[in-house]
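Hi,

Here is the model I promised to pass on. Have a look at it first, and my notes follow below.

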Amino acid sequence: MRAARDINLSLLLLRAGDVYPNPGPALRIAQFNILGFTPGRRLGLLHKAITHNLDILLLQELHVTEDEASRLTLDGYKFFAVSRNARGGGVAVLVRDVFQSSLVSQSITSVVEQITACVKVGAHLCYFTSAYFASRNRVGSATVHSLSQGAWNLIGLDSNCHHGRWDTYADANPGGSHIVDFCTDERYAILNTGDPTRRSLTVRKGRLSAPDVTLARGCTTQRWQSTPDPDSDHFLITFNFVIGDDVPLAHHVPKRSFYSWGKANWQEFSRLVAADCRTFPMRGNPHQQAKFLSRSIAKATSKAVPKGVVRVRHFWSADLEDAQSKCEALLNPIHGTTPAQRRAILVSTRERKKLLDMHCKNEWGKACADMKTSNSATWRMLHNIMSTRPTPTNLVVEGGREIPLTSAANHLVSFFKTKATRHPRAKVPQTPPRPTGLLRALTRHELNVALGCMSHATACGPDDVYNEALAHLPKIARVALLRTFNRSLSRGIVPREWKRGTIVPILKPGKPSGRVDSYRPVTLTSTLAKLMERILHGRLRHLVQSDNQAGFRADRSSTDALMWLLAHVQPTNASKTPLTSAVFVDFSRAFDSVDHDLLLKRLQQLDVDPYLVRWTLSFLSDRQVRARMRHRHYSRVKTFTCGVPQGTVLGPLLFNVFMDALSADLDRSGAQHYFYADDLTIIARGRDRELVLNQALDVLNHWSRAHFMDVNVVKTKVCNFRSRSDAPVVRYRGTELAVDDAQNFWE
């Protein structure tokens with residue numbers, strides 16, 4: 001009875017979509033030359049993935065730019081993609097969300113484009129490669145051998161090469177011979193069965209060929225077949241990737257659930273929070289008050305807001321299904337098609353494409369009709385369209401073996417701590433005495449303004465408090481919150497909960513997952529702390545008034561920095577711009593290197609309110625951080641004694657205040673410069689530009705030594721505009737800086 005009940009429960013969960021289907025023992029793989037990742041083909045690809053229950057997809061010829069490749073998505077899959085340009089090429093590996101996976105390598109040359117993802121399948125690390133040979137006549141042995149990866153490797157290759165081993169429809173060429181030699185040397189099996197994988201869709205010719213090859217090593221595959229597809233002249237190749245025996249690979253994996261804010265009962269939430277706030281510790285210290293509020297809000301949220309899993313949205317109408325069936329019926333006769341049949345195929349595929357394009361256009365029209373500047377969903381959608389997505393990774397591989405995620409998290413947090421540690425020559429900041437003057441208390445108006453500026457649909461911090469919940473706090477809770485803020489400010493004590501952070505490491509594009517320096521730390525901090533920071537930010541933002549800083553400032557952006565640079569290096573119609581040289585300075589971990597004692601003195605020099613100075617020092621001191629991998633693997637807790645915390649509201653402002661001293665020193669030296677966050681550009685023009693640049697770098701050297709900041713000499717470059725002759729020799733600390741070509745800069 002118990003076994004039957006467990007089976008029925010699993011079936012109900014699967015039907016509800018709250019768990020991932022049990023993978024294995026055979027994974028379903030697809031290889032497809034998609035001939036352009038347009039919105040219509042993206043919808044068609046999602047339909048194929050759902051219909052065939054695909055676990056991994058190997059795509060070629062995306063026809064997207066390098067920037068667009070970093071923003072591609074498909075619901076339910078991790079998307080690893082790389083591309084040269086939109087005219088041709090572009091490869092991708094798509095892995096179902098249920099699997100642990102990470103990017104292993106990617107490369108683009110004039111001959112081959114390839115990308116490899118490592119996927120943990122059962123107890124094995126399997127490597128899936130998608131590759132595209134742009135020119136069959138230039139394919140050599142070294143090019144083919146560059147595709148080889150680990151012991152368990154599967155390669156989906158659009159080779160544009162032919163050999164009798166897999167293609168009996170076209171004449172063999174040297175590239176095909178290189179592929180056969182590669183398979184012999186590296187012990188790869190060719191999975192093709194001799195069926196065609198491409199048909200020229202023209203009325204006069206219906207020529208068949210097999211340029212697509214599937215290679216496998218160390219694994220068993222079954223049921224390889226190629227099927228004509230209306231989205232491309234290449235066929236859809238599907239097969240099974242078999243791991244182990246008939247036992248499924250794992251138990252059902254629950255999908256991660258999220259709060260459904262649209263279904264929240266905010267009246268019940270307000271009632272629960274108000275009931276708790278009647279016992280608010282009015283005479284307690286800031287630690288007790290902050291802990292009480294965060295627990296109360298988190299508890300009320302869990303009771304009043306339901307949770308649900310993200311569903312894959314699949315818009316597939318009856319008209320599209322009819323058009324799909326019609327195309328499949330016409331495409332099925334592979335051999336011996338007549339011109340009339342090929343004409344019918346072209347007409348039906350064009351009708352289907354028109355329906356897909358119209359469907360996508362209508363859906364986009366509905367989304368545009370709902371766009372409002374006051375709606376956070378609008379900006380979130382635009383951000384998803386325009387912003388580069390971080391490389392997804394929940395698997396760390398080094399030297400062909402898996403590194404446990406907890407160990408990886410410990411290595412990462414130790415690496416991040418090395419730079420966020422006080423310099424041996426730096427002084428320990430001393431807490432200023434408690435001010436005797438009158439405190440300028442935070443007001444209810446400032447709190448309401450800060451609440452209105454909070455972004456929604458963002459991750460919570462370690463306190464499990466969300467911005468959506470803060471926006472619906474009842475009056476009694478806002479009074480308690482304001483009392484906590486003012487007590488914290490008056491005593492100069494930041495609650496311990498507010499100084500805890502969780503680092504979510506984001507893999508940098510194109511970097512190996514097994515290196516600690518390949519990750520960018522993104523820290524999640526307390527939402528209540530961010531709310532108070534936002535209020536204090538309004539009181540401190542006047543400190544940065546330099547016209548040479550565009551980062552983290554209202555009405556300033558990277559466009560301002562670019563326009564400043566263009567104005568100095570591009571010639572005008574009125575006069576010819578003199579010889580110009582620029583130094584692009586790269587600081588090493590600049591945010592983590594800000595010394596607290598020097599920042600404290602800088603704030604005091606600027607006559608900042610003593611209460612704010614005392615609170616800021618408490619905010620920066622003894623911050624406890626841990627790293628998190630895959631939502632549930634945590635590292636040991638480390639204490640950071642240096643730097644401004646990234647992921648906070650005040651951190652960027654304090655960094656600008658700290659760097660403003662360097663800007664003032666460069667102004668006094670007469671060097672023209674511009675900051676965008678921690679990126680510094682120094683420009684000099686005329687015959688004496690070598691002297692000016694070296695003097696400016698001497699100022700930078702003196703300032704960086706005094707402020708314990710390091711400059712990455714390897715990444716710091718000199719760029720000469722207008723002329724390469726008589727190029728200046730620029731040195732930093734005795735090391736000559738490398739020269740970068742101006743042509744590369746403009747590209």
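This is a predicted model: local features need pLDDT of at least 70, side-chain atom pairs count only at pLDDT 80 or more; totals for chains, interfaces and linings use all residues.

**What I found**

Residues are numbered from 1 along each chain as its sequence is written, and side-chain values use heavy atoms, with hydrogens and water left out.

That pair belongs to β4 and β5 (residues 91-96), which run antiparallel and share six bridges. Strands count as paired if DSSP finds at least two bridges between them. Helices (H or I, at least four residues) and strands (E, at least two) are DSSP runs, numbered from the N terminus.

The whole sheet is open and has six strands, ordered β4-β5-β3-β2-β15-β14, with mixed pairing. Because β4 (77-82) and β14 (220-227) are at the edges with a single partner strand each, one side of each has no neighbour in the sheet. On average, neighbouring strands here are turned by 15° against each other, direction ignored. Axes are lines fitted to C-alpha atoms, for helices over the stretch in contact, and angles run from 0 to 180 degrees between N-to-C directions.

Helix α2 (residues 39-51) packs on this sheet and touches β2 (26-33), β3 (56-60), β4, β5 and β15 (236-242); contact means heavy atoms within 4.5 Å. The direction of α2 makes about 150° with that of β3.

Next, α12 (residues 444-453). Its buried residues are E446, L447, A450 and L451, buried being under 20% relative accessible area, exposed over 50% and partly exposed in between (1.4 Å probe, protein chains only). These residues cover an arc of only 135° around the axis, so they lie on the same side of α12; the arc is that of the directions from the helix axis to the C-beta atoms. H445 and G452 are exposed on the other side of α12. Among the elements covering the buried residues are α13 (467-470), α14 (475-491) and α15 (527-540).

Further along, α19 (residues 650-669) packs against α20 (residues 689-706) at about 145°, with the axes 10 Å apart.

Lastly, confidence: pLDDT (the predictor's confidence in each residue, from 0 to 100) averages 83 for the protein, and 88% of the residues score at least 70. Over residues 1-22 the pLDDT stays under 50.

Cheers
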